[in-house]
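Have a look at the structure, then read on.

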There are 2 protein chains.
Amino acid sequence: MAKIAGKGRKPRRPYHHGNLRRGLLDEALATIRAEGVDRLTLREIGTRLGVSRTALYRHFADKRALLAAVATEGFRTLRQHLEAAWVEGGRNREAFEAMGTAYIRFAIANSSHYRVMFGGSIDPKVCGPELAAEAAGAFQALVDALSSLQRAGIVRADDTLTTARYVWAVVHGVSMLAINGQLPDPVSIDGLTRYTSDRLLTGIDVGRALSGAPRG
Amino acid sequence: MAKIAGKGRKPRRPYHHGNLRRGLLDEALATIRAEGVDRLTLREIGTRLGVSRTALYRHFADKRALLAAVATEGFRTLRQHLEAAWVEGGRNREAFEAMGTAYIRFAIANSSHYRVMFGGSIDPKVCGPELAAEAAGAFQALVDALSSLQRAGIVRADDTLTTARYVWAVVHGVSMLAINGQLPDPVSIDGLTRYTSDRLLTGIDVGRALSGAPRG
DNA sequence: CTCCACATGTTGTCACTGTCAACATTAAGA
DNA sequence: TCTTAATGTTGACAGTGACAACATGTGGAG
């Protein structure tokens, strides 16, 4: 594994192209962002980087692998956004709401990227362990925050994993609705986001006797 | 528009191929179901129907149009499932839960089809009015049921549209999680479904003072 | 019944794509 | 220095979606 120039000892190109893998990922993401996934072509990525069409195959097994890597990066930055919202918000109930808002905001601001992230299966047996691990990492940020709120007695002490999945499903669903253009205008998106976090927290917080069974 | 043989007056082929459009749709859906969207090829659809590769273009503008038609049919049958669950369940709170279960069940049982339905934009300006209309129809089934529950005093009298969007987002999110393989086994799918409908209804039903603002 | 216009299906062809095999070049270590 | 593996290039190929030109059967006008 040849490493990057890093320290800047030699400012000229450290290799044939510098580090190409990084460039391929960036360029792929830029194209996806600008024109959508299905307009992404390996040849144009290479051309745009001043490199030939098949250079890519030294860094990714095939197109799916490239897309998986793009998706992996998406989950990584998503997790960063979530953790930032949680920490900067003060790790309380409001911070949890901020996490939800951050999630939806990320999905809307990077809709094409987001679609790649959830376009195919995330089963590790299908997509490879890296993507699955990074997706699990992003989910873990939610689990941790939720667990913290449970310990503080702010959220019902149901099975943490199930509750987290529920919350994840809600924000993911809202994001999808927004991305797919089923919410007419930004106002309705904002309204739904607000309503969602309100109703969601009313559903999972403490302070009310439960009629049904918790079900782990 | 040459109509189908229908009454069976003349059992021999009424036209070049009978009605091809129907066959194309069925075959496309079958392929999608069996091998996934990206393995769908126009040529093979034609071949499999004993028809040549470009016959399709007399019935659909291009591949995207075919996929849009497939998605349109998906929303139609989804609506049928939802309405059946609502009516047969007795149009009460339990029937509403049954709608949610039916939705998730449909998504899981027809995961590839479901992915096509939500793969691209549903904005009528992008995908054409038919798909948008059918998607809106499926959503309307949910709105109607919810409105009925609101009139019966079972669900909070918040803005119906916003509440419906919220519910839609939740079931859609759960479906996506299940489809993407993020729920390890059927047990956890069932558990999340149950937990979801329980927490969801706790969040939107009446009988609790609201802290925040309703926000229409 | 005849005949023509039109809907429907076919053949030929094209640009483009992902992918592989064979070859060229450069960095890095012995 | 010289080898070796990593990295990038060229040529090629089978498939794909799509279009234009052509063929064929249907149904209605006369």
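1. Starting with one helix pair: in H3(A), the residues Ala68(A), Ala71(A), Thr72(A), Phe75(A), Arg76(A), Leu78(A), Arg79(A), Leu82(A), Glu83(A) and Trp86(A) make the contact. Across from them in H7(A) sit Glu130(A), Leu131(A), Glu134(A), Ala135(A), Gly137(A), Ala138(A), Ala141(A), Leu142(A) and Ala145(A). Sorted by class, that contact of H3(A) with H7(A) comes to twelve nonpolar, two polar and five charged residues. Bear in mind throughout that this is a predicted model.

2. Now the geometry of that pair. Helix H3 of chain A covers residues 63-88 and helix H7 of chain A covers residues 129-151; they pack at an angle of about 15 degrees, and their axes are 8 Å apart. Angles under 35 degrees count as roughly parallel, so H3(A) and H7(A) are roughly parallel to each other. Their crossing is left-handed.

3. Over in chain B, another pair is worth a look. H4(B) packs against helix H8 (residues 160-179) of chain B at an angle of about 30 degrees, with 9 Å between the axes. That makes H4(B) roughly parallel to H8(B), and the crossing of these two is right-handed.

4. Which residues of H4(B) meet H8(B)? They are Gly100(B), Tyr103(B), Ile104(B), Ala107(B) and Ile108(B), and they face Val171(B), Val174(B), Ser175(B), Ala178(B) and Ile179(B) of H8(B). By class, the contact of H4(B) with H8(B) has eight nonpolar and two polar residues, with no charged ones.

5. On to the two copies. Turn chain A by 180 degrees, with a shift of 0.0 Å along the axis, and it can be laid on chain B with an RMSD of 0.0 Å. That is the relation of a two-fold axis. The same surface serves both copies, as 100% of the contact residues of chain A recur in chain B.

6. What does each chain put into the contact? Chain A gives 35 residues and chain B gives 35 residues. On the side of chain A that touches chain B, helix H8 (160-179) and helix H9 (186-204) of chain A each supply at least two residues. The residues on that side of chain A split into 15 nonpolar, 13 polar and seven charged.

7. A backbone point to check: Arg91(A) is not a glycine, yet its phi is positive, at about 55 degrees. Arg91(A) sits in the loop between H3 and helix H4 (93-109) of chain A. Is Arg91(A) buried or partly exposed? With 15 C-beta neighbours inside 10 Å, Arg91(A) counts as partly exposed.

8. Chain B has its own entry here: Arg91(B) is a residue other than glycine with a positive phi, near 55 degrees. Its place is in the loop between helix H3 (63-88) and helix H4 (93-109) of chain B. Arg91(B) has 15 other C-beta atoms within 10 Å and is therefore partly exposed.

9. Asn19(B) is found in the segment before helix H1 (20-35) of chain B. Asn19(B) is partly exposed because 17 other C-beta atoms lie within 10 Å. Asn19(B) and Asp190(B) are 171 residues apart along the chain, and their C-alpha atoms are separated by 41 Å.

Note on methods: Residues numbered from 1 in each chain as written. Chains lettered and ligands numbered in written order. Predicted model: local features only at pLDDT ≥ 70, side-chain atom pairs only at ≥ 80, totals over all residues. Axes fitted to C-alpha atoms, helices over the stretch in contact; angles between N-to-C directions. Helix = DSSP H or I, 4+ residues; strand = E, 2+ residues; numbered from the N terminus. Parallel < 35°, antiparallel > 145°, perpendicular 65-115°, else oblique. Left-handed = near helix turned anticlockwise from the far one by under 90°. Contact = placed C-beta atoms within 7 Å. Nonpolar A, V, L, I, M, F, W, Y, C, P; charged D, E, K, R; others polar. Least-squares fit on C-alpha atoms with pLDDT ≥ 70 in both. Buried ≥ 20, exposed ≤ 12 C-beta atoms within 10 Å, placed from the backbone.
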